Amino acid sequence: MPEHDVERFERIILPHLDDAYTLARYLVRDSHAAQDVVQDAALRALRYFDGYRGGDARAWLLSIVRNVSLTWRQRTAGDAHTVDIADIGVAGGHETDAAAIESSERERIVGAIESLPEEFREIIVLREIEELSYKEISTVVGVPVGTVMSRLARGRKRLAALLGVGVEEAG
Amino acid sequence: MRCDTCRELLNARIDNELPAAEVADVDQHLASCATCTAEYRLFAQTHRTLSEAHLRYTAPDLLKARIRGAIAQERHEAPSVRRTRPWWRFAAAGIVIAAMSSALTFAVTRPSGTPVANDLVASHVRSLQPGHLTDIVSTNQHNVKPWFNGRVDVSPPVMDLAQQGFTLVGGRVDYVGGRTVPVVVYARRQHYINLYAWPVADAAPADPQTSMRNGYNLMSWRSQGIQHWAVSDLNARELAELVKALRTM
């Protein structure tokens, strides 16, 4: 690959590795697997970089991450997860009370998102966390905008139920 | 506007995805419909709960380093082979080229073995920072060894050396000398020992050699097509004990 293409790739694509990793974490739900997915996706992105025709580089990278994640999920369906030091670390008790409450609230929400069926989960993550537009989500996932909207509505409804959102007002 | 039409547009209203004209229609309907308003609040509150919860992750530094390293390697490859020819014709050649180029990288850029020693010491020091030592924590060799499957291209020796006074701590994958390598971690007293391994196709076996760098002791040896390195702040005599135990088991 020509030098200037590699430099352009580093400038345009590499700033989005946190976003790529975030999407992979929610799709494969394992930190090691997510790292493998992102590395694989980044190298594929480099390989197919001449097929990138401008537009939102982040959405382009995320669509590759999504494809690699799906392949990974299919390949490893049913495998047991290994023990993860990051998961062990969570038990450590160095946090202040406020931080502990905040992080347990975060864990509760992460758990709710991870429990969603994949077709809703990916839409929720792309909208609520990656903050993509409906149009971009439609491109990344490969479904019409109308489908994005209906899946988003159903995903939010499920999350509302899981998290008890709106219960106070209703009760 | 009817209720069912309004319902379909509520999320688009929240996400600022509606044209101005439709925003007015939806808002007008909401002003007069308690049921749709309740639904709107449920969606809006769910959206707010998620957006306030800091749900993003940060990619680990090691992952970023690995990707940058892989890109740097790609940069040195010939530009034409990859895209312009049928993949199958060059797949076999590609494997050979990849194997040769990584061998060459080592041969050319690491003539005396010293830069890789620098990498190893840097990796060792980095591993001692909190949370960097191990990706898998286990004192059981039967947990650690299979963990490397699919993560690296070599299966490193993982042994129970408790009898010899070395505790197996766990393993991780690290990036050293331009490649991803398995690292097995042992401990003796308060000292950690990092053991690195990578394949060196047809290099002749070599007996352990001891060296020192920045106050750390290093030992390297080759056997059965694998290059091994041990790095630790443990004294050279005890490090040699570990290497001997590894080689005789």
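Predicted model: local features only at pLDDT ≥ 70, side-chain atom pairs only at ≥ 80, totals over all residues.
At the contact, chain A contributes 41 residues and chain B contributes 37 residues. On the side of chain B that touches chain A, at least two residues come from each of helix H1 (3–14), helix H3 (34–51), helix H4 (61–75) and strand S1 (136–137) of chain B. H3(B) gives the largest share of that side, 9 residues. Sorted by class, the side of chain B that touches chain A holds 17 nonpolar, 10 polar and 10 charged residues.

The largest nonpolar core has 57 residues, and the members that touch the most others are Ala20(A), Ala24(A), Val37(A), Val38(A), Ala41(A), Leu61(A) and Val65(A). Leaving aside residues up to four places away in sequence, Ala41(A) touches Ala20(A), Leu61(A), Ile64(A), Val65(A) and Val68(A). Another core, of 33 residues, lies apart from the largest one and includes Val116(B), Tyr192(B), Leu218(B) and Leu234(B).

Chain B also has an open sheet of 7 strands with antiparallel pairing, in the order S1-S2-S3-S4-S7-S6-S5. S1 and strand S5 (206–213) of chain B are at the edges with a single partner strand each, so one side of each has no neighbour in the sheet. Within the sheet, strand S6 (residues 216–223) of chain B runs antiparallel to strand S7 (residues 226–232) of chain B, and 7 bridges join them. Opposite Ser220(B) stands Trp229(B) in S7(B).

Helix H9 (residues 236–248) of chain B lies across strand S3 (179–188), strand S4 (191–199), S5, S6 and S7 of chain B. This helix, H9 of chain B, runs at about 25° to S6(B).

How values were computed. Residues numbered from 1 in each chain as written. Chains lettered and ligands numbered in written order. Contact = placed C-beta atoms within 7 Å. Helix = DSSP H or I, 4+ residues; strand = E, 2+ residues; numbered from the N terminus. Nonpolar A, V, L, I, M, F, W, Y, C, P; charged D, E, K, R; others polar. Core = buried A, V, L, I, M, F, W, Y, C linked by C-beta atoms within 7 Å. Buried ≥ 20, exposed ≤ 12 C-beta atoms within 10 Å, placed from the backbone. Pairing = 2+ DSSP bridges. Axes fitted to C-alpha atoms, helices over the stretch in contact; angles between N-to-C directions.
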